[in-house]
Amino acid sequence: MENGEWTGVVIAAVLAVLAFGITRFAVRHFARRRAAKDQVAAQATQSRQVRRASERRKR
């Protein structure tokens, strides 16, 4: 392989790693936000007694 070909392969590999990292970060970020929003919605529908019992279980 010539130098130009190696450069292209290296650039493609770096872009693939960057794309993977950014995608992974975004998926985790939005999944965390969605889980927090779902938890708030679930707590709003629970009675106070059920909420307190689940908080005790978490500790």
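**Talking it through**

Author: I11 sits in helix α1, which covers residues 3-45; helices (H or I, at least four residues) and strands (E, at least two) are DSSP runs, numbered from the N terminus. By the way, this is a predicted model, where local features need pLDDT of at least 70, side-chain atom pairs count only at pLDDT 80 or more, and totals for chains, interfaces and linings use all residues. Residues are numbered from 1 along each chain as its sequence is written, and side-chain values use heavy atoms, with hydrogens and water left out.

Reader: Does I11 count as buried, partly exposed or exposed, and why?

Author: Buried means under 20% relative accessible area, exposed means over 50%, and partly exposed is in between (1.4 Å probe, protein chains only). I11 has 48% relative accessibility, so I11 counts as partly exposed.

Reader: Which residues make the nonpolar surface patch?

Author: Patches are made of residues with over 30% relative accessible area and no salt bridge; like charges are joined within 9 Å, and nonpolar side chains (Val, Leu, Ile, Met, Phe, Trp, Tyr) within 5 Å. A salt bridge is a side-chain nitrogen of Lys or Arg within 4 Å of a carboxyl oxygen of Asp or Glu. Areas come from the Shrake-Rupley method with a 1.4 Å probe, and for residues only the protein chains shown count as cover. The nonpolar patch, about 580 Å², is made by V10, I11, V14, L15, L18 and I22.

Reader: And which residues form the positive surface patch?

Author: Lys and Arg count as positive and Asp and Glu as negative, while His and the chain ends are not counted. The place of a charge is NZ of Lys, CZ of Arg, CG of Asp or CD of Glu. R48, in helix α2 (residues 48-58), is exposed because its relative accessible area is 62%. The positive patch is R48, R52, R56, R57 and R59.

Reader: How far apart in space are N3 and R59?

Author: N3 lies in helix α1 and, at 67% relative accessibility, counts as exposed. N3 and R59 are 56 residues apart in sequence, and C-alpha to C-alpha the gap in space is 59 Å.
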